[in-house]
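Thanks for coming. I have one structure to go through this morning, and I will keep it short. Please have a look at the sequence and the model first.

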Amino acid sequence: MPRPRSLSHARLASAALAVIDRDGLAGLSMRSVAKELGMSTMALYRYVDDREELERLVVDLVLGTVDTEPPAPGAPWPERIEVLVRRLRDAVAAHPQIVPLTVAHRHRSLAGLRWSESVLGVLTEAGFDGDRRVVALRGLLGYVIGAIQLEHLGPLSGEGTVAISELPPDAFPHMTETARHARKVSADREFLGGLALLLRGLGA
């Protein structure tokens with residue numbers, strides 16, 4: 001197959017992201033991306049070194065859509081953090097299969113680093129410092145990553161919740177009752193409710 005005249009990082013990342021969205025993270029390879037682009041695998045090596053470089057490009061593409069500007073000062077710090085967290089969730093949740101990549105390449109993604117810098121700025125203004133600020137940032141990142149994975153791999157509206165609600169209530173009274181309520185909780189209610197609890201805890 002002929003080599004394209006020009007192949008930008010954006011086009012490479014878009015092709016790799018298309019493969020991930022369609023086939024999952026396990027489907028990402030130099031071969032699958034080359035096929036997506038209509039070129040040979042060997043030709044693709046002229047543009048990127050390996051799958052790891054493709055992963056970094058995908059992370060940059062997705063996180064590059066996140067508005068990392070800190071919300072205007074004046075509002076309470078939890079509200080400002082919520083704005084930043086919502087922005088990150090909206091971008092990553094559109095492509096949930098890349099969540100592991102955002103973790104693996106978090107220290108190489110300029111957009112991801114800018115988001116964390118903005119969060120740390122808000123936390124610092126709120127009086128967080130030292131170990132407390134470290135734990136707060138890691139807690140927020142852990143919450144977003146875990147919540148997105150739960151939402152897409154084990155949604156409250158899914159079969160798992162139904163199965164739990166049908167367990168023997170004498171053996172699992174709390175699980176069955178909670179599952180019955182869980183089926184009525186929307187994804188946004190789950191995410192924002194959990195975030196509110198986390199922020200409340202961080203401010204204690």
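From the N terminus on, the elements run α-α-α-α-α-α-α-α-α-α-α. That is 11 helices and 0 strands, where helices (H or I, at least four residues) and strands (E, at least two) are DSSP runs numbered from the N terminus. Along the principal axes, the C-alpha atoms fill a box of roughly 65 × 50 × 25 Å.

Two notes on the source. This is a predicted model, in which local features need pLDDT of at least 70 and side-chain atom pairs count only at pLDDT 80 or more, while totals for chains, interfaces and linings use all residues. Residues are numbered from 1 along each chain as its sequence is written, and side-chain values use heavy atoms, with hydrogens and water left out.

Next, the domains. The assignment, automatic or from a database, gives domain 1 (9-63) and domain 2 (77-203). Their centres, taken over C-alpha atoms, are separated by 28 Å. In contact, meaning heavy atoms within 4.5 Å, are 13 residues of domain 1 and 15 residues of domain 2. About 1,300 Å² is buried between the two domains, and carbon and sulfur atoms give 76% of that. Buried area here is the accessible area (1.4 Å probe) that two parts lose on being put together, summed over both. On the domain 1 side, Val59, Val62 and Leu63 lose the most area to domain 2, together 42% of what that side buries.

Last, the largest pocket. How much space lies in it? About 360 Å³. Of its 18 lining residues, Thr102, Val103, Arg106, Leu141 and Ile145 are the closest to the centre. A pocket is an open set of points on a 1 Å grid over the protein atoms alone, where a 1.4 Å probe fits, with protein on both sides within 12 Å along at least five of seven lines; lining residues have an atom within 4 Å of a point. Grid points are joined across faces, edges and corners, and the volume is the space filled by probe spheres set on them. H8 gives the most to the lining, with 6 residues.
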